[in-house]
Amino acid sequence: MVMIKNNLVDNPPQPWSKVGTVLVGGLYQVGYAKDRDVILIHSASKVTLADTITGERLAVGQDEFESIEHYRRLAMPGFGCMAGEMISTAGIWGGYLPAKTSDGFSLRKRDSFWSIPDVDLIYPDGREVCVSTHNVCDIRAYGFSDTNFSFVIATECDVQIFARKGDARRAMEN
């Protein structure tokens, strides 16, 4: 198994940390598996599955581009460990990922008056932390997994992955 490049720029405060960055060329869309921390990344060259807790690249496949209309349905069939699932997606053609967790964390894209696209992580106490890496690529999607344990910021050229540290995940599960 290959680990995703860990491209630390600014780590957010506890309980979150940056797991890594998946470099892509021409991101179309991303989507989380239902109730799991696995993300499907669909780009111009391939489809990738990544574990958003460990940063492991789980599988890489080729995508036979069918048509714009096919992908505008905002869902893709899974492969590998997602085989048999239809994955809801968000990206260049619309859609969304959850922007809030059940315990009060949220993500917000900064207003368009900022010269660099950024995403803020807002803590339950109202504290705001910029978690994007000041990338000049357009932000195509951002959001949390159904489990609330990870989130991604997907731009046209990379997918930044963040996860809660182990103790915070265990506390939520109990």
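1. Start with Asp35. In this predicted model, Asp35 is exposed, with a relative accessible area of 53%. That puts it over the 50% cut-off, so it counts as exposed and not partly exposed. You'll find Asp35 in the loop between β3 (27-32) and β4 (38-43). Have a look at its backbone too: phi is near 60°, a positive value in a residue other than glycine.

2. Is Asn148 buried or exposed? Its relative accessible area is 10%, which is under 20%, so Asn148 is buried.

3. Now for a peptide bond to check. Most peptide bonds are trans. The one joining Gln14 and Pro15, though, is cis, with omega about 5°. Pro15 has its place in the loop between β1 (2-3) and β2 (16-23).

4. Last stop, Ala141, which belongs to strand β13 (residues 139-144). Ala141 is buried, with a relative accessible area of 6%. Which residues is it in contact with, leaving aside neighbours within four places in sequence? They are Val30, Ala90, Gly91, Val152, Ile153 and Ala154.

Note on methods: Residues are numbered from 1 along each chain as its sequence is written. This is a predicted model: local features need pLDDT of at least 70, side-chain atom pairs count only at pLDDT 80 or more; totals for chains, interfaces and linings use all residues. Side-chain values use heavy atoms; hydrogens and water are left out. Helices (H or I, at least four residues) and strands (E, at least two) are DSSP runs, numbered from the N terminus. Buried means under 20% relative accessible area, exposed over 50%, partly exposed in between (1.4 Å probe, protein chains only). Contact means heavy atoms within 4.5 Å.
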